[in-house]
Every structure is written in structure tokens, then in C-alpha cells.
Amino acid sequence: MRDPVQDVFAVRGARLSQLTPADSPAVLALQDVMLTALPDPLWYVPSTPEEVLEGLESGDAFGFSAKGSLVGYAAFSPWQDRGDKAYAPKVGHAAENTFDVHDVIVHPDYRRRGMHSAFLLLFEEAARAMGGSAIYATVDPGNAPSVGAFEKAGYVHIKTQPAYDGRLRSYYRKDVRGDSGEGPLQGPFTSPAGTYT
């Protein structure tokens, strides 16, 4: 029997799953591979082992696996879990009912297969299902592939400013509210991935 979630978020040659704390070494190894392959390692601010483990323990992390290895990783968290790290307040917006995409990593051998886009679609569906109003993300302004993926997914550039250790970051936002743009959606929600209440 086919898994409808797998069909919606399918990426050629890889399988999507929610990650667990046992996946921490694989996530950190993938992060190292990705950093080595980037044209500019300053494009990405690495997550610490503690930050990775926190995302895995909270159930906020997802990954694509292929041939027994983790080849894609992304983390997505609600505002209340992000505390002072939440992106919305950093650009002058209210944090309530927002979510942050705070990591997207794709193995160099699996780029250009739609994995980044699949993660963003998954997070958009999840934010809507949980009554979210918007999703925020930061990207190095020089990282054209990531900027392109976010813009293609409907994210809008809010501003560019120093963040983290002073590196410039472009802040992006995607509204996930109903067509009226007023407040969180009220369930039930139906998407290709299923129905949520």
C-alpha cells in the first residue's frame, strides 16, 4: 500500500521520516559534509550538537534517507519553543502563532532533486494544520540556491540585517493564514497529505 504522505513529499531516490535523538550523529555528519561542499562556508551557521539534539527531542526535525544514510535534514519549530531565537521579533513582528525554519541541509549528491522544496511544503502544511499565521527563515544573502528555493515557495524578503555572530542574514516570511489574512486558520484542514482537525 502506498503512503500518501510519502507521495506528496516524494523526492527521487530518498524517503522522508521524522527524526529522533538517535539520528543526532547522522545529522551532525551531514552538516559537516554540507559545510565542506558549500562555495562559501559562511553561508550557513552550523547548529551545535546541543541544538540538533533539542530539535530531535522536540519532534521538530525531519530527514530524507537514501541507501541507508541521511541525505537531507530540516528543522522547524513553533515560536514558543524558540524563545529569544524566534525570528519574527527580530524583524519587528509579533511571534505568536509563527514558526521558524531554522535548518535545511541537503547532501551535495542529492541537490537539485526538490528536497529543499519538499521540506518547505511539509512545514507549510504543518504550520497550517497547527493554526500558524506565518513561517520565518533566515538565509545568507549570497546563498542564491537557498534564496531561490524560499522565493519559489512563496517566501517574501522582509529585511537583511546582522544576526548570529554579526553575519548578514536575509529574513524571509511566508503567510500561511487563510485567504482573508486574518488570524490562524480554523480546522479541519484538508491537504494532499491528509485531513487535520
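How many bridges join strand β1 (residues 15-18) to β2, and in which sense do the two strands run? Four bridges join β1 to β2, and the strands run antiparallel. The model is predicted: local features need pLDDT of at least 70, side-chain atom pairs count only at pLDDT 80 or more, and totals for chains, interfaces and linings use all residues. Residues are numbered from 1 along each chain as its sequence is written, and side-chain values use heavy atoms, with hydrogens and water left out.

**Terms**

- Helices (H or I, at least four residues) and strands (E, at least two) are DSSP runs, numbered from the N terminus.
- Two strands pair if DSSP finds at least two bridges between them.
- Buried means under 20% relative accessible area, exposed means over 50%, and partly exposed lies in between (1.4 Å probe, protein chains only).

**The sheet**

- Seven strands form an open sheet in the order β1-β2-β3-β4-β5-β7-β6, with mixed pairing.
- The edges are held by β1 and β6 (156-163); each has a single partner strand, so one side of each lacks a neighbour in the sheet.
- On average, neighbouring strands of this sheet are turned by 25° against each other, direction ignored; such axes are lines fitted to C-alpha atoms, for helices over the stretch in contact, and angles run from 0 to 180 degrees between N-to-C directions.
- Strand β4 (residues 98-106) pairs with strand β5 (residues 134-139) in the parallel sense over four bridges, and Val101 has Ala137 in β5 as its bridge partner.

**Strand β2 and its partners**

- Strand β2 (residues 61-66) is mostly covered, as five of its six residues are buried.
- Six bridges pair β2 with strand β3 (residues 69-78) in the antiparallel sense, and Phe64 stands opposite Gly72 in β3.
- The hairpin of β2 and β3 has two residues between the strands, and Lys67 there takes a positive phi near 50°.

**Helix α2**

- Helix α2 (residues 24-37) packs on the sheet and touches β3 and β4, its direction making about 105° with that of β3; contact means heavy atoms within 4.5 Å.
- At 1.5 Å a residue, the 14 residues of α2 should span 20 Å, which agrees with the 20 Å between its end C-alpha atoms; the expected span is 1.5 Å times one less than the number of residues.
- The buried residues of α2 include Val27, Leu30 and Met34.
- Seen down the axis, the buried residues of α2 fall within an arc of 135°, so they line one face of the helix; the arc is that of the directions from the helix axis to the C-beta atoms.
- Pro25 and Thr36 are exposed on the other side of α2.

**Helix α3**

- Val52, Gly55 and Leu56 are buried in α3.
- These residues cover an arc of only 100° around the axis, which puts them on the same side of α3.
- Exposed Glu50 and Glu57 are carried by the face of α3 turned away from its buried side.
- The buried residues of α3 pack against α2, β2 and β3.

**Ser170**

- Ser170 lies in strand β7 (residues 167-175) and is buried, with a relative accessible area of 4%.
- The side chain of Ser170 makes a polar contact with the side chain of Thr160 (2.8 Å); a polar contact is a pair of N or O atoms within 3.5 Å, and within protein one must be able to donate a hydrogen and the other to accept it, while residues adjacent in sequence count only if both atoms are side-chain atoms.
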